[in-house]
Each structure stands twice: as C-alpha cells, then as structure tokens.
Amino acid sequence: MNSIAGLLPVVVFLVIALAVAVFARRQAAAQQGGFVSEYFLGNRSLGPFVLAMTTIATYGSVSSFVGGPGQAWVIGWGWVYMATVQVTALFLLYGILGKKMALVSRKLGAVTVIDVIRERYQSNAIAALAAIIMVVFFATTMIAQFVGGAKLFEAVTGYSYVMGLAIFGIAVILFTTIGGFRGVAFTDALCGIAMILGIVVLAGGILSAGGGYENIMDTIAANHPEMMEPLSGGNMPIGLYFTQWLLVGVFTFCLPQSVVRTMSYKDTKALHRAMVWGTVICGAMMISVTALGVLSAGVLTGDLKADYGGSVDNIIPLAIVQSLPPWLAGIAIIGPIAASISTVSSLLIASSSAIIKDMWLHHVQEKGGRAPEKTVMRSSQIVTLAVGAVVFVLSIVPPDVIWKINMFAFGGLETAFCWVLVCGLFWKRANKTGALLSMGGGTLAYCVAMALGFKIAGLHQITIGITVALVLMIVGSLATKPTDDKALEAFFPER
C-alpha cells in the first residue's frame, strides 16, 4: 500500500538538501580562488562543525544504518561491542593525517589526495593507478548506497524500488553536480543531523513496540540467550572481532574520501574542535544505530528466511514499518537515506576530481597547454553527472547484502592507500617503486583472495591485502633508488 505520509518527509528533505547545494554554489561564487580549488576542495574553508559532520556523514553510509544493524539482529550484543571501534575513526584520521596532509597540500597547492601522492612519489603511473582504483571502488560503494536507500524507500512508503531510486538518486546527482565540494560538505552536515533524528525516532518506535527496554531484553534472553554474550555462542569469534576492528575502525583513517577532508579545513583550531566533536558524535551514532539492530530482535521475533526474506538488509526497514506510524516512518528513513546521500555525494565529487583534475587536467598541463576555466567547470559538472548516471543505471537491478559490498570496497581502498599515504608522509625512504608495488600488488592480492574466498586462520582478507601491501612497500623501496631530496622538501623540510 502506497503511503503519501511516508513519502512526504523524504521529498521535503531532498528539496531542502537541493536548496542547501544551491546556497553553497552561490556562496562559492563570492569566494576568491579558482574553480578547481573551490569545486573539489571548497577553498580550504571548512569550519569545525561542517568538517566534523561531513567526515562523519561520508564515513557513515547506508550500510551503517541497514546492513550493520541487520547483522546485530542476527548476532547480538557482540556486534555492538565490535562497532565500538568506530569511535576511533575520526580521531585516527585527524590525529595521524590531519595536520601533515593540510600542511603538505597547502605547500604544494594540491587539491586532491592524488595530487599529494603524485608529488610525493614523482610518478604519473602511481597517480593514474590510484585514480583508477578510486573510481572502481567508489562506484562499487555508490551502488550499495543507491540500492540500500531505494530498498528502504520501497519498504516504508510502498512505492516501487525504481521510483525510490529515481527520486533520491537524481536528487543527489543534481545537488552534487551543482554544489561541488562545498555543497557536498554543507549537505553532509544536514544529512548528519538527519541521521541523528532518524536514530532517535526509530529508537522510540522500537522501544514502544517492544514494551520497553527491559521487556525487549527479556524477550531476547528467552528466545536467543546467546545474543546476550560477547561471543554470541560462537557466532562472534575473536578473529571476527579483530578483523572487523581493522576493517571498520583502525584502517579507515586512510580512506581517500575521508583523507581529502583533512585538506579542506580553514585552520588548526577547526581541526582540533572537529576531532573532539566528530569523535563524540560519530561514536554515539554508530554504537546507537547498531544497538537498534539488537533491540529489533525483541520486536521482529520470526525466522530470517521464512519471515524476513532471508536477508539481514530487510530487518531495519521492517522494524521501521512495524514499529512506527507512516508519517513517523517517513521521518525515520530520512536518517539512512541521508547516510546514503552523503556517501554518494562525497564519492561522486571524489570520482570527478580523480578523472578531471588528476587525469585529464594534469595531462593537459603536462603537455604545456592550459584549459580555460569555463571548460574545466563544464567538464567537471558533466563528469560528475555522468558517473552518477552510470552508477544509477547499474543500481536498477539490485545486488544482495549491501553490507558485504560496502566492506569489500572499504578493504580495497584501505589496502591500496594505507601504506602509500602513511609511508609517503612519514618515511623518507619510501619511493615510487615501493608505492607502485604496494598499491598494485596489495590490491590485487586482496581482490584475488576475496574472489577465491581464501582466508588465513579464518581472518578477513583485509589482513592479506594490508600485509602484502606493507611488505611490498618496504622491499620495493629499500631495493631501489631513493627519491631525490629536492622532491621531498615539502614533505620533510629541513629543521
């Protein structure tokens, strides 16, 4: 049954997001600085609140609101204990890379993460490889976001999956194309607020439908006592804790879509405040929304295959529908849809920058040419629109288990960029041979292991990819000629 009451809040939110993007574009027009710096980095002008919220919104995808809580519905509190590692995400990002990336990028005039990588290793080959890897894994992640948002829309409003995909898919492509990085950052802040609102509304609905917290806990303890244990009766082994802590916690600091935000803040005070606010807000959001998955087990007490379509991705949509009236359900789904939108918009602008700034524009400049600013502006917007359109089309036939798709992309990006960034910024001996081997060999090892289902000691394949990448970085760098000292001045200034 189609629900206008469920549809209206979503449409209103998307209209507001589009208005924010238009406002950001007009504000950008009043700023000094070239189009490239503004469109892809917001002229390095983000304050602490927007910086914190855009990073959180980029990190917290629809998987955090659908797939993760769905897993918690199956496993129990052990999955929530695992999710606590996400408290460290922004702290590690800002603490490890925040200051160094900002200083280096300003010295170099770098606008993208790949700009920094190219200058550090003096290699167009590694820049091209990085751009290709980014676009491929970003596209994979964006498909998961489109699918997750559209499925939620379908489940809660009763309208078709394709209609949901069209409504918010077209909206996010348009406001990203219009607003650029500044528009993405501002709408991310709006999305972050919407995520918090969605969590609060859904929590109230679940607690009410389940007869209160104590009654829900009693129901879970009676039906599935193993869900109350940290190891969940063997469903949450120590090895899974360890690899998930690496995958969604420790190594997320090197995700390029997050790293670029360390290049965009206006001053050190903004960074420090964003670190505090972001750590608190991100931790509270991620732990709370995962815990809602466990609490849903006190409301949705049926069998996953027989009653809920066999997919954990159906749990949160069903919890929303069964615990809330249509108009509140429409408000509740704004949170996960906002998470989807914020991630897609961030990855869209990053994909566009990889294609336009890091590949095409660099090639033109290397040949001694100069692209007119109007041409760059139109090309950037066209590419943003085109990438979004391709992902939109690929999402029409939805894949299953968006949580797994998202984690696959996380692992690939972490493997590719971790040691290239960390060693590039903090190890003077790292060179282009080590970086190429690390990025190419590590990513290949990760993808092959994932495709074959190969694991070592039952650990997730991220452990294979990240280890191979580190070994290749060290061996490749030590076995070949070091980078010229003059090229390293911006990264390792003489004291």
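The radius of gyration is taken here over C-alpha atoms, and the rule for a globule is 2.2 Å times the number of residues to the power 0.38. In this predicted model, the chain has a radius of gyration of 22 Å, which agrees with the value near 23 Å that a compact globule of 495 residues would have.

**The chain as a whole**

- The chain contains 22 helices and zero strands, and its C-alpha atoms fill a box of roughly 65 × 50 × 40 Å when the box is taken along the principal axes.
- Of the 495 residues in the chain, 59% count as buried.

**The largest nonpolar core**

- The largest nonpolar core has 155 residues, and those with the most contacts inside this core are Y121, I320, I341, F417 and W419.
- Helix α10, which spans residues 161-209, provides the largest share of this core, with 18 residues.
- If residues up to four places away in sequence are not counted, I320 touches L152, V156, L202, A329, A332 and I333.

**The second largest cavity**

- A search of the whole structure finds six cavities of 30 Å³ or more, and the second largest cavity has a volume of about 110 Å³.
- This second largest cavity is lined by 15 residues, of which T112, V113, V260, A350 and S353 are the closest to its centre.
- Helices α8 (113-121) and α18 (334-366) each supply at least two residues of the lining of the second largest cavity, and α18 gives the most, with five residues.
- Sorted by class, the lining of the second largest cavity consists of 10 nonpolar, three polar and two charged residues.

**An exposed residue, K305**

- K305 is placed in helix α15, which covers residues 304-307.
- Because exposed means over 50% relative accessible area, K305 counts as exposed, with a relative accessibility of 72%.
- K305 and V387 are 82 residues apart along the chain, and their C-alpha atoms are separated by 35 Å.

Conventions: Residues numbered from 1 in each chain as written. Predicted model: local features only at pLDDT ≥ 70, side-chain atom pairs only at ≥ 80, totals over all residues. Heavy atoms only, no water. 1 Å grid on protein atoms, 1.4 Å probe; cavity = no way out; pocket = protein on both sides within 12 Å on 5 of 7 lines; lining within 4 Å. Points joined across faces, edges and corners; volume = space filled by probe spheres on them. Helix = DSSP H or I, 4+ residues; strand = E, 2+ residues; numbered from the N terminus. Nonpolar A, V, L, I, M, F, W, Y, C, P; charged D, E, K, R; others polar. Buried < 20%, exposed > 50% of the residue type's maximum accessible area, 1.4 Å probe, protein only. Core = buried A, V, L, I, M, F, W, Y, C linked by side-chain atoms within 4.5 Å. Contact = heavy atoms within 4.5 Å.
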